[in-house]
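I opened my notebook on a structure I had not looked at before.

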Amino acid sequence: MVTNITNFGRSGLSDWLVQRVSAVVLALYALFMVGYLLLHPGLDYATWNGLFAQTWMRIFSLLAFVSLAAHAWIGLWIVITDYIKPTGIRFVVQIAIILAIFIFLVWGVQVLWGA
Amino acid sequence: MSMLQVSVYRYNPETDSAPYMQEFQVDTQGRDLMVLNVLEIIKQQDSSMAYRRSCREGVCGSDGMNMNGTNGLACVTAISDVTKNGKLVLRPLPGLPVVRDLVVDMGIFYKQYERIQPYLQNDTTAPAIERLQSPEERDKLDGLYECILCACCSTACPSFWWNPDKFVGPAGLLQAYRFLADSRDTATRERLSELEDPFSVFRCRGIMNCVAVCPKGLNPTRAIGKIRELLLANAT
């Protein structure tokens, strides 16, 4: 048993499961977006704004953002633990990444529910 | 005369400041030799050449090495299978400390093997004669017990290169599953609890280098998938 404290879910099993479930959510969101853009060739601001004014789209988008945050945390944590061996530097990089993910997530919520 | 050009990794830490490649010309007499035969001819040319070998028939797992970029057992690999453009490049197994020439320190590989407790654990009272197993239960061990611990797979695995102290590696995980799958072993829960961290099993990214190089044709990636399934099935 290898002890870890900076990974997403404290357990490799939960990280692995979250990584796969979030990947499915992101795939569905990406497919929806591509499909929507293909079905609306002459997309204008009003239509785009109308899409995101609907509650289901906001929930779907927030779900995708949360999935992206978890997916990025787990994925980058794995990359960092492979390549950055000095604990001090690794910890600082991890904190920076987690902070960036948090900022992007809050910003995303603000975009979805803001004016 | 049919000469084979062989380039061999040489390093003697007592005399060399750095490893280097030494060129040899080996007369194969037109025969499709095994790589180990080529090394034996080289050993006659230069007796300081160091490599491990024992059974010379793919059973002992001593002569695992990197031949033209691919890990394998020198004794069961024909030069026609690995030689590119008439040249053979021999290096030690990647990722392990070199003791001398093609001899590597397998310490960390064995440490990971030891960690998965590679022995049958059963806390129930031993029956008078032996613990019985049905033919179906025995079949589950096929493809698992044949491992000879040559380390070709683990040293072909980038996840093992980066974290040999934390990731068990394909060889160890194949054996971990060998005991998880054994109907006579009762320590399944304890074994699984030792493997659920982000490194021991989950550092496997499924690139299947282990499957590609295994000289016994085993499939550690499949065993790792089975361990993940067991971990998932035992979790809430």
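My entries on domains and cores follow.

**Entry: domains.** I noted at the start that this is a predicted model. I looked up the domain assignment of chain B. It lists domain 1 (3–104) and domain 2 (107–233). I then checked how far apart the two centres lie. Taken over C-alpha atoms, the centres of domain 1 and domain 2 of chain B are 29 Å apart.

**Entry: where the domains touch.** I looked up the contacts across chain B. On one side, 14 residues of domain 1 take part, and they meet 13 residues of domain 2. Which strand gives the largest share of the domain 1 side? I found strand β4 (residues 70–73) of chain B, with four residues. I also sorted that side of domain 1 by class. It has seven nonpolar residues, seven polar residues and no charged ones.

**Entry: the largest nonpolar core.** I counted 58 residues in this core. B:Ala74, B:Leu173, B:Ala176 and B:Ile227 touch the most other members. Helix α6 (residues 169–180) of chain B gives the largest share, seven residues. Why does this core lie between the two domains of chain B? Domain 1 (3–104) and domain 2 (107–233) both give residues to it, so the core lies between them.

**Entry: one residue.** I picked B:Ala176 and listed what it touches, leaving out residues up to four places away in sequence. The list reads B:Ile116, B:Val168, B:Arg191, B:Leu195 and B:Ile227.

Methods:
Residues are numbered from 1 along each chain as its sequence is written. Chains are lettered from A and ligands numbered from 1 in the order in which they are written. This is a predicted model: local features need pLDDT of at least 70, side-chain atom pairs count only at pLDDT 80 or more; totals for chains, interfaces and linings use all residues. Domain bounds come from an automatic or database domain assignment. Two residues are in contact if their C-beta atoms, placed from the backbone, lie within 7 Å. Helices (H or I, at least four residues) and strands (E, at least two) are DSSP runs, numbered from the N terminus. Ala, Val, Leu, Ile, Met, Phe, Trp, Tyr, Cys and Pro count as nonpolar, Asp, Glu, Lys and Arg as charged, and the others, Gly among them, as polar. A nonpolar core is a set of buried Ala, Val, Leu, Ile, Met, Phe, Trp, Tyr and Cys residues joined through C-beta atoms within 7 Å. A residue is buried if 20 or more other C-beta atoms lie within 10 Å of its own, exposed if 12 or fewer, and partly exposed in between; C-beta atoms are placed from the backbone.
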